Amino acid sequence: ITTLINHKDKPKRSDKTLQAIQRVGQAVNLAVGRFVTVGEAIANENHELKEEMSVACIEARRAGETIAQLTDVASLDHPESDSHITIFTDKTGVVKAARLLLSSVTKVLVLADRIVIKQIITSRNKVLATMEQLEKVSSFQEFVQIFSQFGNEMVEFAHLTGDRQNDLKDEKKKARMAASRAVLEKCTMMLLTASKTCLRHPDCESARINKDGVFHRMRLALEQVIEIVTDSRPNGENEMAPISIYSGIKEFKNKVEGLRENLYFLSKENLSTMLEVILEHTEDFTDSAYTSHEHREHILELSKQAKMELEQLVSVWMQAQNQKTKDLMEDLEVAILKTCQCMNELKREVHSAATSLAADLLKYHTDHMVLKALKITGVEGNLEAVAEYTCKLSEQKEQLVEMCRLLRHVSGTEPLEITCIHAEDTFQVTGPQIISAAETLALHPSSKIAKENLEVFCEAWESQLSDMSLLLREINDVFEGRRGEKRVYLSLPRPGKHNANLKALKPVKLDTEEQAKIAKLGLELHLLTSDVDSETEKWEDQENEIVQHGQGMSSMAYSMYLFTRGEGLLKTTQDLFHQAEIFATEGTKLASALHALSDQVHDDDKPLLLLEAEKLISMCKQLQITAKASAQGKSATFTKVDACILKTRNVMTLLCQLLPLCCKLLRKNKAGNGCLKAAPPWKEDRIRTGTNARTPQRRVDTFGIKSLENHVTNMTFLESK
């Protein structure tokens, strides 16, 4: 739509231009038609919003058809003829249709979103109501019946929240949703064994405490899911996210480096306050009993140095505000670099302190000796030994909680911060629950259900320890630049990183003129991503390696198209070149998958497939060479951008030919089993995981659904017990 609205009227119009305009118009109309079909299906299933949804769908369809009519220009010798109104004779008509389309599409999306939110809330309410019944049951038979219903309701809730998690664009909310759903997954099994234990030993206080803890935690997790879905907090509270040292240093450095551009945009008091907050947080390390003496001394020393560097910076900064001499500006640049270097060293030191502690603790507790001892002494009924080992578990819990708090400070991204907070909560809650389960077993050493209950809680503890090893690896990856938030490539040069002459490296962006020059190429890339997405949607097996690589490449190509318009996550030319390298790597992986496919197809088809794979490898190598080549100056950088987009377009063109070919060969090879499928109805589609071509991470597996479903179907064993 933006392309059509911004289309410049020129006296001379080539056939290629007319065909491109018509193709865009038809693509818009076709997309609107598919969109509206889904909207109408939703309307038919939700009578309370049917009228509003139907009106919005009719408006959208009408607008799409109008755009198609106004862009029907390719077959005309004289597009401006009075007999046929087109985009050239009635530009305002396209503008009006576009506005109507955007407003009606937005309305459909909002209404559909309201329906989804309502479904999740209704599902949550069902789960809560059944949980209340489970809390009050007094017989095994009644418990079996109600838990079977509860299991089915949890499966439905898992599907709905899994789809919602996949749709969330905010990475922080996505991480919170994942944490809440992980709690619900683990607590479902805990609720089963804890309730069974309570039913078997109704007078046991530790068994009741154990069960109550599980119900309480599940209710909190359910509440958090609804907060995320509805974007609200109870009693109108604002969410106060804890500030980490990493994010504090990042913000502080941004402010300091901003002085290069503007000496007056903040006060010295603001900078001093920001540093004070960071140094207060370092006390979490210096006050911790688990921080080594060496790390503590280094952190204190760097904190003192940071104060001195800031004092020097403020002094030069105040002078530069009064008199902008060359010498003073050079002194300011030196002060900025020294301050930022000191903060980097402080960040490195706290990172080392946190990760080395975590590595040591995880290694030390990997044998789970305390848990094993609790199980043995519980079965023996040795209350004194159980009390001794519960004290040791409490000490271990405090160590792990402290480890999570320190890791949060250096996690590097908000999603990882949230994962650290979730891990801390898990250790805080699971520790006492293991203790109450162990006490119950010690009081009833012959009870099989009490033994099973302790096993479940111990498994949850062991699972969280295992997750911590993965989390530690991710935190180290972010710090070392191997991965990070989608918006930032930590491996790219940043101001002052490779800087011998004290001049800051400024990231380069395309200016308006350059965007205009490359717009046509960008549009071609956009249309190719749509074609690739259409081809991948036709495959029945969405898990196929070829489809996965194709979808990934389409997503990256779309990001590169957005860059040509000055939009999206790629902000600078360096970001674009980095993306082009990753795109080429993904293409090479696709070529490997094609080679693997060639081993499965008939001999007659193999040469063609191998030829296309070699073409792809060659194109990807050329793109990698171009992306890695150095470019000095504005003109050379733009030429490199143009070459990267062009070569990406060529790869995408080949991909458009490869996907239908591969699907055809697979279908032929499977002798009629087929790899094409019809589009599923909306009702079926909404419980699948999404395949949005614009989302890098396309699938979010619903929590433990298969295991939960299997467990619910096997509930009859309870009656025999």
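**Close-up views of helix packing and selected residues**

**View A.** H17 passes H20 in a left-handed crossing; left-handed is used where the near helix is turned anticlockwise from the far one by less than a right angle, and right-handed where it is turned clockwise. The model is predicted: local features need pLDDT of at least 70 and side-chain atom pairs count only at pLDDT 80 or more, while totals for chains, interfaces and linings use all residues. Residues are numbered from 1 along each chain as its sequence is written, and side-chain values use heavy atoms, with hydrogens and water left out. Helices (DSSP runs of H or I, at least four residues) and strands (runs of E, at least two) are numbered from the N terminus. The axes of H17 and H20 (residues 634-669) are 10 Å apart and the packing angle is about 150°. H17 is therefore roughly antiparallel to H20; angles over 145 degrees count as roughly antiparallel, under 35 as roughly parallel, 65 to 115 as roughly perpendicular and the rest as oblique. Axes are lines fitted to C-alpha atoms, for helices over the stretch in contact, and angles run from 0 to 180 degrees between N-to-C directions. From H17, Ile-546, Gly-550, Met-553, Ser-554, Ala-557, Met-560, Phe-563 and Thr-564 take part in the contact. On the H20 side they meet Val-641, Cys-644, Ile-645, Thr-648, Val-651, Met-652, Leu-655, Leu-659 and Cys-662, contact being heavy atoms within 4.5 Å. By class, the residues of this contact are 13 nonpolar, 4 polar and no charged. Nonpolar covers Ala, Val, Leu, Ile, Met, Phe, Trp, Tyr, Cys and Pro, charged covers Asp, Glu, Lys and Arg, and the others, Gly among them, are polar.

**View B.** H17 also packs with H18, and their axes come within 9 Å. H17 spans residues 545-564 and H18 residues 573-598, and the two axes cross at roughly 160°. H17 and H18 are therefore roughly antiparallel to each other, and their crossing is left-handed. The contact of H17 with H18 involves 14 nonpolar, 6 polar and 3 charged residues.

**View C.** Helix H4 crosses helix H5 at roughly 155°. H4 covers residues 91-136 and H5 residues 140-167, with axes that come within 9 Å. The angle therefore makes H4 and H5 roughly antiparallel to each other. H4 and H5 cross in a left-handed sense, and the residues of their contact comprise 13 nonpolar, 6 polar and 6 charged. Gln-165 sits in H5 and is buried, with a relative accessible area of 8%; buried means under 20%, exposed over 50% and partly exposed in between (1.4 Å probe, protein chains only). Between the C-alpha atoms of Gln-165 and Arg-176, 11 residues apart along the chain, the separation is 9.3 Å.

**View D.** Ser-195 belongs to helix H6 (residues 171-200). Ser-195 counts as buried, with 3% relative accessibility. Not counting residues up to four places away in sequence, Ser-195 touches Phe-143, Lys-211 and Phe-215.

**View E.** Cys-420 is placed in helix H14 (residues 414-443). Its 1% relative accessibility puts Cys-420 among the buried residues. Neighbours within four places in sequence aside, Cys-420 contacts Cys-404, Leu-407, Arg-408, Ser-411, Leu-471 and Ile-475. Cys-420 lies 8.0 Å from Leu-471, C-alpha to C-alpha, across a sequence separation of 51 residues. Cys-57 is buried at 1% relative accessibility, and Cys-620 is buried at 0%. The structure has 0 disulfides, a disulfide being a pair of cysteine sulfur atoms within 2.5 Å.

**View F.** Two loop residues are shown, His-368 and Ala-289. His-368 is in the loop between H11 (326-364) and H12 (369-380). Most residues other than glycine have a negative phi. His-368, not a glycine, has a positive phi of about 55°. Ala-289 occupies the loop between H9 (268-286) and H10 (293-322) and is exposed, at 71% relative accessible area. Ala-289 and Gln-399 are 110 residues apart in sequence, with a C-alpha to C-alpha distance of 9.3 Å.

**Whole chain, for orientation.** The protein chain contains 23 helices and 0 strands. Of its 721 residues, 47% are buried. Among contacts with a separation of 6 or more, 77% are between residues 24 or more positions apart.
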